[in-house]
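Student: I'm new to this one. Can we go through it together, a bit at a time?
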Amino acid sequence: MAQASELIILFLVIVCLVALAAWLFVKNRKQNILLENEKKVLTLVAQDTELQTKLDNVCKLIEQQIPHAHCTVMIRDFKARTLNVVSSNSFPAEFSEQLRNIPIGDEGGACGLAVASGEAVIVADMLADSRFESFIPLINEYKLRACWSFPFSSSKSEIAGTFALYFPSKRKPCARELRLIQQTRELVGLVYTQHLERLRREESEEHYRSLHTYNPEAVFTLDTNGCFAQMNASGLRMLELPEETVLGQHYSAVVKEEDKERTDSHFRAALRGEAQRYEIQITSHSGAVMDLDITNMPIVVNGDITGVHGVATDITQHRRDQEQLKILERSVEASVNGIVIADARKPGYPLVYINPAFERITGYSQEEMLGRNCKVLQGDGTDSRAIEQIRSCLRKERDVQTTIRNYRKDGSPFWNDLYIAPVRDNNGVLTHYIGIQNDVTARKEQEEKVAWHATHDPLTSLPNRSLLEDRLEQAFLFSRRYKKNLAIMFIDLDGFKPVNDSMGHSVGDALLKAVAERLRAAIRDGDTLSRFGGDEFVVVLPNAGTVEDINEIAERFLFTVAEPYKVGTKELTLTASIGVAVGDEALTEPRLLIQQADMAMYKAKRRGNDNFEWFTSDINEKVERHVLMRHEIQEALKNEQFSLVYQPIFDSNKQITSVEALLRWHHPEQGVISPIEFISLAEHTGQIIPLGRWVFEQVCRDMPELQALGIPTIAVNLSPLQLSRSRFCSDLEVILDTYGVSPEQLVLEITENVLVSELTNASSMLNELHRIGFKIAIDDFGTGYSSLRYLQELPIDILKIDKSFVNDVGEGKKYEGITRAMLAIAQELQLRVVAEGVETEDQLTFLKNHHCLYFQGYLLAKPMPLTNLQSFLQNQSVNA
């Protein structure tokens, strides 16, 4: 029995020992697993692995040591003031999604409150805690009851998040569990701090890498020997070399020879710990020379300098821009135009720059103008319209160009051709205005002088015809508006031409100026005195008054002109003839009054000098006739009513040597109209220009037939008005080319009055015509005002003695001596002479006896059409 008891005790001891061994085995095994997990976590912490992986392993470790625990780690979002799950490996993903953006505070459950308070929050039963009301659905879904939340900190001692444990049943931690959780919380803080350090390190490395790789400037590293250890893409592009070629190469390989010594001194200074900045030139692989701005900084590792870091900025374009800017600055400084710059961002646009030319033009210095604007240059004479134009364009931020009258510092005016342009920055925002001033005072004065000469007679300074017409139009409108009488006085000096011809133009000019001064002093305010031409003056009286008033004014003018004149040492007297015309209600064309006054003046001359006459209806009928005829001349040209007749010119053997082309008008209703009537009118109206062209062209068209008849030359009459046209010679050449006519086949006949006409430049025009090949003839010689000087100096080939002298030859006739003298002069000057108007055998005999070789007149042949000329020549050959 005792033996059995011992066996039982032994068995029990053995069972206990086995159980103890088994318990020790299981305990050791768990302890080993725990130690392995701790070792694994510590290894992960030491390794550079992801944050979530580290935290997941920490959570597994605590879950293994605390039964039924579900561990989570939440990280704080400082900006949003919320918490988000980072690790929750024992929960499904949906759990973590529902715990996003948990608010920090009482509404955030245990974790939100733990972060807000910085202390652990242990809730044994969440269902019994009102702070978890919003989380009840989540608690029930995952069958949770207890929650322990412990805040953890980062290296900055800031609450970075929570380490929390959830349990399916109500419970609180024991002392061992609290110690374990405290250790784990510190481990989580360490892991998170390590994570932050890694992020900062990576960010720093990425920043450096970006600064190096993506820097638009060339970034490089040199070792202590000066060889390239690193270079970014910008530097490689600059050198035009691949990386494998550059790395290991000494920097001096790319530096220009003249900069190598200086570059070396800067490199050695950087190795001594002194940052350097300098400029050098390098040469790329293709040979391009570049200007570089170099910054060298020592690389210090653990207190030792291990190399030099460098940044190279290509300043080649900047250098060129600087040079260009210097040139532009010099140009602005040296410009003769005033240049200013105004700040458009400040009220009133104050000036921030003026150049020396502005100072010179205006008299204002920099000190006086900077901070002010250009209003100081304006004055009473400145055009308000120009100012408003400038202001309007400035408001619209647009260019403006205008000419404005400004004033210098000393008060003297000047004309300023002003251009203002806006200046914008890279974003298109207006920042400044540039103003360029050009002093155009001299030009404006010249323009005013030209404008004055265009409207005034240079000799007398009186208004000329152009200004007269403008004043007349204004006077006409005034008289209509205020029911006043408008009168015109046409004044012609009696006996002026003999004075001018005998005493010279200087005396004549002085006399005209004296007359103009007297008449100017005699007119009333509001009246206009104009020099109409030559020795003719016109007075416009917009408020003429009564007939008696007008007569009194005319008498005053006559008396004023008739007073003796003192010109040099000579005392001269003149009189005047005046024509008066007054407008009525039917007047629509005020210039007609000048024509009427002109007609009345001629009537006054016919009645004797020193007199005035009013325009009357009989004169008006003549004017109306002229107006009608002017229209009819135009119609005649259009409807081919004009024709030519040819009057032969004979030699002493009665052989035809030439013919003169004469114009005829065959009116469909009035028959043949005398040239005496329509030629003078055409001269007056300017219609002589198209008429003369028609004659010249018709002669050229007839030329082949005339040449076939054996007539070598044809004479064509020219008008002074034709010779006044600058293109007259070129127009004639065009016609000659058109019809294939040589200029040597034509004789151009001009009256001697053309030589002294104010409308033509006779000398140059005749020389040009003669150069072309035309022969020049003086028609009606002896009736005009020419002198022997013209015959000697100008290219005259033929003189045609007027028929008034030919008709008066014969024994005892008074003009016979003049005719002999003209023939003698012509012979002396070796000019061919043609006697016009030969109508009797006595005249022909006289002329032949005095060595006249060519003749024209009714005795020999009348003017005839071209068809009749052919018959005439045939009859002449038969009779011969």
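Student: At roughly what angle do the axes of helix α24 and helix α25 cross?

Tutor: Keep in mind that this is a predicted model. Helix α24 covers residues 728-739 and helix α25 covers residues 762-772. Their axes come within 10 Å, and the crossing angle is roughly 20 degrees.

Student: Are α24 and α25 roughly parallel or roughly antiparallel to each other?

Tutor: Take the crossing angle of roughly 20 degrees. Angles under 35 degrees count as roughly parallel. So α24 and α25 are roughly parallel.

Student: Is the crossing of α24 past α25 left-handed or right-handed, and which residues make the contact?

Tutor: The way α24 passes α25 is right-handed. From α25, the contact uses Met 765, Glu 768, Leu 769 and Ile 772. From α24, the residues are Phe 728, Cys 729, Leu 732 and Glu 733.

Student: How many residues of that contact between α24 and α25 are nonpolar?

Tutor: Let's sort them by class. The contact of α24 with α25 has 2 charged residues and no polar ones. The nonpolar count is 6.

Student: Now for α22 and α24: at what angle do they pack, and are they roughly parallel or roughly antiparallel?

Tutor: Helix α22 runs over residues 688-708, and its axis is 10 Å from that of α24. The packing angle is about 25 degrees. With the cut-off for roughly parallel set at under 35 degrees, α22 therefore counts as roughly parallel to α24.

Student: Which residues of α24 meet α22?

Tutor: α22 passes α24 in a right-handed crossing. On the α22 side you'll find Arg 693, Phe 696, Glu 697, Cys 700 and Arg 701. They meet these residues of α24: Asp 731, Leu 732, Ile 735, Leu 736 and Tyr 739.

Student: And how many charged residues does the contact of α22 with α24 have?

Tutor: Class by class, this contact has 6 nonpolar residues and no polar ones. The charged count is 4.

Student: Let's look at Glu 816. Is Glu 816 buried or exposed, and which side chain does its own side chain contact?

Tutor: Glu 816 sits in helix α28, residues 816-828. Its relative accessibility is 12%, and since buried means under 20%, Glu 816 counts as buried. Its side chain makes a polar contact at 2.7 Å, and the partner is the side chain of Arg 820.

Student: What about Leu 681: how far is its C-alpha atom from that of Arg 630?

Tutor: Leu 681 belongs to helix α21, residues 675-685. At 4% relative accessibility, Leu 681 counts as buried. Along the chain, Leu 681 and Arg 630 are 51 residues apart, yet the separation of their C-alpha atoms is 7.3 Å.

Student: Where is Asp 610, and what is its phi?

Tutor: Asp 610 is in the loop between α19 (591-606) and β23 (611-614). With 37% relative accessibility, Asp 610 counts as partly exposed. Asp 610 is not a glycine, but its phi is positive, at about 55 degrees.

Student: Asn 101 has a positive phi too. In which loop is Asn 101?

Tutor: Phi of Asn 101 is near 55 degrees, and Asn 101 is a residue other than glycine. Its place in the chain is the loop between α3 (93-98) and β3 (102-103).

Student: Last one, for the whole chain: what share of the residues is buried?

Tutor: The chain's secondary structure comes to 30 helices and 32 strands. Of its contacts with a separation of 6 or more, 57% are between residues 24 or more positions apart. The chain has 880 residues, and the buried share is 44%.

Note on methods
Residues numbered from 1 in each chain as written. Predicted model: local features only at pLDDT ≥ 70, side-chain atom pairs only at ≥ 80, totals over all residues. Heavy atoms only, no water. Helix = DSSP H or I, 4+ residues; strand = E, 2+ residues; numbered from the N terminus. Buried < 20%, exposed > 50% of the residue type's maximum accessible area, 1.4 Å probe, protein only. Polar contact = N/O pair within 3.5 Å; in protein donor to acceptor, adjacent residues only side chain to side chain. Axes fitted to C-alpha atoms, helices over the stretch in contact; angles between N-to-C directions. Parallel < 35°, antiparallel > 145°, perpendicular 65-115°, else oblique. Left-handed = near helix turned anticlockwise from the far one by under 90°. Contact = heavy atoms within 4.5 Å. Nonpolar A, V, L, I, M, F, W, Y, C, P; charged D, E, K, R; others polar.
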